[in-house]
Amino acid sequence: MSKATAAPPPGCALNINDLQIQEAAIRIQASFRGHRSRKELREKGPPRILQELKDVVLLEGSAAKLECRVSAFPDPFIVWSKDGDNKELKDGPKYRYVFEDPDFVALVVRDGVLADLGRYTVTIKNPFGQTSGSACILVEVPAKVTKGPANMKVKRGTTVALRAEISGEPPPDVGWLKDGEDIEEDKRVFYDIGDNSTILTIKNANLSDAGKYEVFVENKLGTDQSFARVDIL
């Protein structure tokens, strides 16, 4: 005695004679054939970069992503490096390798600092050869006085040198003030600005040089200042 076949739940039965069902089946078959054809048509060969890397700006403390579009079959091996160094940037807390789909590869640089500024290179390899591309990460850092000038007590007739350490990218504008007024430079009182520091020099110091001195730095991302007291004995 044969068992009766249970009827499908309501709404789960397909009528193969329904024209909409037949059209849907045809579209699915065509899509599968197209996918298979594209895969079969992929030619083995060395990797190619279809969309080049572009320079990006990295704000201090944030993240930036370098990305490019590639074509490679068989699938390639990806290596990222920095500033011409052959040492690979390891995938981890600082750098993250990203493969968004078979054609796009990217590098995410996290927790941006000034030292991340540089040129980054992606090397794409497979058994048939390799290619590479590069672009720069441009780091922007607010202007800052990282170490202010020290208070000083000096004798009349000696030279005063107030030194401050500064940072910022773009490099900040620098100014010095005395008792809230801009210092007018001359041969006796002047200041120099280096990559990471600035020095205010006062030659042949006299009693009128005593006061409160301020170093001021500014770029498009921010400003900072620091103060020091100079006493002339």
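## A walk through the fold

Of the contacts in this protein with a separation of 6 or more, 59% join residues 24 or more positions apart; contact here means heavy atoms within 4.5 Å. Keep in mind that this is a predicted model, where local features need pLDDT of at least 70, side-chain atom pairs count only at pLDDT 80 or more, and totals for chains, interfaces and linings use all residues. Numbering runs from 1 along each chain as its sequence is written, and side-chain values use heavy atoms, with hydrogens and water left out.

Let's start with the overall make-up. The protein has 16 strands and one helix; these are DSSP runs numbered from the N terminus, with helices being H or I of at least four residues and strands E of at least two. Of its 233 residues, 33% are buried, where buried means under 20% relative accessible area, exposed means over 50%, and partly exposed falls in between (1.4 Å probe, protein chains only). The protein exposes about 15300 Å², with 52% of that coming from carbon and sulfur atoms; the areas come from the Shrake-Rupley method with a 1.4 Å probe, and for residues only the protein chains shown count as cover.

Now for the inside. In soluble globular proteins, nonpolar side chains tend to be buried together. Here, the largest nonpolar core holds 22 residues, and Trp80, Leu107 and Tyr120 have the most contacts inside it. A nonpolar core is a set of buried Ala, Val, Leu, Ile, Met, Phe, Trp, Tyr and Cys residues joined through side-chain atoms within 4.5 Å. Strands β3 (64-73), β4 (77-82), β5 (95-101), β6 (104-109), β7 (118-126) and β8 (129-147) each give two or more residues to this core. Apart from it lies another core, of 20 residues, including Ala164, Val189, Ala205 and Val215.

Finally, the charged pairs. Side chains of opposite charge can pair when their charged atoms come close. A search of the whole structure turns up nine salt bridges, each being a side-chain nitrogen of Lys or Arg within 4 Å of a carboxyl oxygen of Asp or Glu. In one of them, Lys82 pairs with Asp83, their closest N and O atoms 2.8 Å apart. Lys82 is buried at 16% relative accessible area, while Asp83 is partly exposed at 47%. Arg163 and Glu165 form another, at 3.3 Å from N to O; Arg163 is partly exposed at 42%, and Glu165 is partly exposed at 29%.
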